[in-house]
Amino acid sequence: MEFVSNLKENICWEALTEVMDPEFPVSVVDMGLIYDIKEKDGIVDITMTYTASSCACMEWIESDIRDRLLQEDFVDRVNIYVVWDPVWTVDRLSEKAKEKLKYWGVSAK
């Protein structure tokens, strides 16, 4: 049973690579905003953060996350928990994100 749950969680991680940060052409996964994904009985719990507590796109991003995950047959509900500890830093960016930001002239140091 644990394997099935992990498979579903992996599907969720992959699905969220399609959800882009509205300010940069980088997925929320590659931005390092998603800290954890847990799935049980059709309920997906997302633990995430933002680059800043004043992010103007919070509701938009959360809506995009919910909308994308609810496209998966096994997902009935998505709960999003925003945390501020640990604090997001550029160290959370994937190499793919760093390359994209560099291309767009954004420093990721």
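Rings of Phe, Tyr and Trp (its six-membered ring) pair if their centres lie within 6.5 Å. The structure shown is a predicted model.

**View 1. The aromatic pair of Tyr50 and Trp84.** A search of the whole structure turns up 1 aromatic pair. The ring centres of Tyr50 and Trp84 are 6.3 Å apart, and the planes stand at 40°, so the pair counts as tilted. Planes under 30 degrees apart would be stacked, and those over 60 edge-to-face. The pair links distant parts of the chain, 34 residues apart. Tyr50 lies in the loop between strand 2 and helix 2. Trp84 lies in the loop between strand 3 and helix 3 (95-103). Trp84 is partly exposed, with a relative accessible area of 39%.

**View 2. The hairpin of strand 1 and strand 2.** Strand 1 (residues 34-40) pairs with strand 2 in the antiparallel sense, over 6 bridges. Ile37 has Ile46 of strand 2 as its bridge partner. The hairpin has 2 residues between the strands. Asp41 takes a positive phi there, near 55°.

**View 3. Strand 2 beside strand 3.** These strands run parallel and are joined by 6 bridges. Strand 3 covers residues 77-82. Which residues of strand 3 stand opposite Ile43 and Thr47? Ile43 faces Arg77 across the pairing, and Thr47 stands opposite Tyr81. Together with helix 2 (residues 58-69), strand 2 and strand 3 make a β-α-β unit. The unit is right-handed.

**View 4. Ser27 in the loop between helix 1 and strand 1.** Helix 1 covers residues 2-16. Ser27 is buried, with a relative accessible area of 2%. What does Ser27 contact, leaving aside its neighbours within four places in sequence? The contacts are Leu16, Thr17, Val19 and Met20.

**View 5. Glu72 in the loop between helix 2 and strand 3.** Glu72 has a relative accessible area of 18%. Burial means under 20%, so Glu72 counts as buried. Its side chain makes a polar contact with the side chain of Arg68, at 2.9 Å. Not counting residues up to four places away in sequence, Glu72 touches Ile11 and Ala15.

Technical notes. Residues are numbered from 1 along each chain as its sequence is written. This is a predicted model: local features need pLDDT of at least 70, side-chain atom pairs count only at pLDDT 80 or more; totals for chains, interfaces and linings use all residues. Side-chain values use heavy atoms; hydrogens and water are left out. Two strands pair if DSSP finds at least two bridges between them. Helices (H or I, at least four residues) and strands (E, at least two) are DSSP runs, numbered from the N terminus. A crossover is right-handed if, with the strands pointing away from the viewer, the path from the first strand over the helix to the second runs clockwise. Buried means under 20% relative accessible area, exposed over 50%, partly exposed in between (1.4 Å probe, protein chains only). Contact means heavy atoms within 4.5 Å. A polar contact is a pair of N or O atoms within 3.5 Å; within protein, one must be able to donate a hydrogen and the other to accept it, and residues adjacent in sequence count only if both atoms are side-chain atoms.
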